[in-house]
Amino acid sequence: MKQNDFEAYKKAIKQHYEKEKNGYYSSYLLQPSRANLRKLCVERLKENATNDDLNTFRIHMGFDFIPEHKNRLKEETDRFRAIENFLKGSTDSNDLDTINLTAILVDFSPRPFLKFVRAINGEKDTPTVVDVKKEESKTVATTDLFTEKGINSKKKWMAGLIGFTALFSIGYTAKDIVLPEKQCMQWQKDHYEVLECDSEVNALYTANSIEPINEKLLDFKKIEVNNHTPFFEKGKAIVWYCKISDTEIDCFNGSGDGYHPVLDKSLRPITKYIIDKYVPK
């Protein structure tokens with residue numbers, strides 16, 4: 001690895017970050033804390049996980065990316081410390097795996113480093129090899145629709161195609177009106193508030209990041225409890241808590257995504273011991 005190429009790669013990523021931090025994921029990148037970068041990593045890989053990006057994640061984290069296993073990634077939040085410091089400019093990094101993952105988070109391209117080097121040297125990636133025989137067989141099968149024997153099939157096929165296209169267009173337009181593509185949410189006081197991703201929010205909550213909407217969390221709320229609160233149902237806890245001091249806990253009506261929405265600490269199902277110790281009588 002040539003150091004000059006690597007320095008150019010890092011510089012290009014930094015320059016792209018300056019633009020990207022004001023884009024769609026600005027809520028994560030304007031304040032690139034370890035927790036925000038971890039959340040952004042999930043969003044980036046969920047929306048466009050290439051083999052290169054998945055390999056970069058695997059090499060850096062030591063395990064495969066599986067969206068359903070977000071809690072495991074939360075246990076590795078500190079692995080984003082070097083990226084946080086690099087983006088904030090507090091320290092540099094000469095670790096290739098760290099910089100490659102940074103490229104994913106700021107959506108810099110070409111990545112990873114080897115692709116960047118090939119690009120600046122005017123080289124092209126190896127083209128995908130297509131099985132010509134298979135492509136020819138597809139062409140023959142399609143051509144049969146337009147023979148004299150298949151003229152009726154052709155008419156039916158064309159009519160069906162036009163109808164499907166019309167329905168798809170109407171459905172897609174309706175979807176855009178009813179469900180805007182870019183919806184976000186933000187934790188405000190005791191619940192998640194749905195808002196537009198570029199909303200100007202109340203100054204009281206600017207410390208809470210604006211996140212892509214997660215419908216599973218829209219009913220998730222912080223609750224006030226006392227000794228009359230129903231804590232269990234059929235022997236299972238229906239209230240979850242997080243210890244915020246030696247004398248105080250925050251309680252919620254469920255587990256959410258497993259973490260306190262502000263403190264980024266684990267939520268746990270409440271127990272009789274915790275009730276006796278912390279819940280007001």
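Tyr-17 sits in helix H1 of this predicted model. Is Tyr-17 buried or exposed? At a relative accessible area of 4%, Tyr-17 falls under the 20% cut-off, so it counts as buried. If you skip the neighbours within four places in sequence, the contacts of Tyr-17 are Leu-29, Pro-32, Leu-87 and Val-106. Take Leu-29: Leu-29 and Tyr-17 are twelve residues apart along the chain, and their C-alpha atoms are separated by 8.1 Å.

The largest nonpolar core holds 32 residues, and the members that touch the most others are Tyr-9, Ile-13, Phe-57, Phe-80 and Phe-108. Two or more residues come from each of helix H1 (3-20), helix H2 (26-29), H3, helix H4 (51-61), helix H6 (81-88), H7 and helix H8 (113-120). What does Ile-13 touch, not counting residues up to four places away in sequence? The list is Phe-86, Ile-99, Thr-102, Ala-103, Val-106 and Phe-108.

Now for a helix pair. Helix H3 (residues 34-47) and helix H7 (residues 96-105) have axes that come within 9 Å and cross at roughly 70 degrees. That angle lies in the 65 to 115 range, so H3 is roughly perpendicular to H7. The crossing of the two is left-handed. On the H3 side, the residues involved are Leu-37, Leu-40, Cys-41, Arg-44 and Leu-45, and they meet Leu-101, Ile-104 and Leu-105 of H7. Sorted by class, this contact between H3 and H7 comes to seven nonpolar residues, one charged and no polar.

Further along the chain, a loop residue is worth a look. Leu-217 is found in the loop between strand S3 (211-212) and strand S4 (222-223). With a relative accessible area of 5%, Leu-217 is buried. Beyond its neighbours within four places in sequence, Leu-217 is in contact with Met-185, Tyr-192, Gly-256 and Asp-257. How far apart are Leu-217 and Gly-256 in sequence and in space? They're 39 residues apart in sequence and 6.0 Å apart in space, C-alpha to C-alpha.

Here are the two C-alpha pairs side by side:

| Pair | Apart in sequence | C-alpha to C-alpha |
|---|---|---|
| Tyr-17 and Leu-29 | twelve residues | 8.1 Å |
| Leu-217 and Gly-256 | 39 residues | 6.0 Å |

Key. Residues numbered from 1 in each chain as written. Predicted model: local features only at pLDDT ≥ 70, side-chain atom pairs only at ≥ 80, totals over all residues. Heavy atoms only, no water. Axes fitted to C-alpha atoms, helices over the stretch in contact; angles between N-to-C directions. Helix = DSSP H or I, 4+ residues; strand = E, 2+ residues; numbered from the N terminus. Parallel < 35°, antiparallel > 145°, perpendicular 65-115°, else oblique. Left-handed = near helix turned anticlockwise from the far one by under 90°. Contact = heavy atoms within 4.5 Å. Nonpolar A, V, L, I, M, F, W, Y, C, P; charged D, E, K, R; others polar. Core = buried A, V, L, I, M, F, W, Y, C linked by side-chain atoms within 4.5 Å. Buried < 20%, exposed > 50% of the residue type's maximum accessible area, 1.4 Å probe, protein only.
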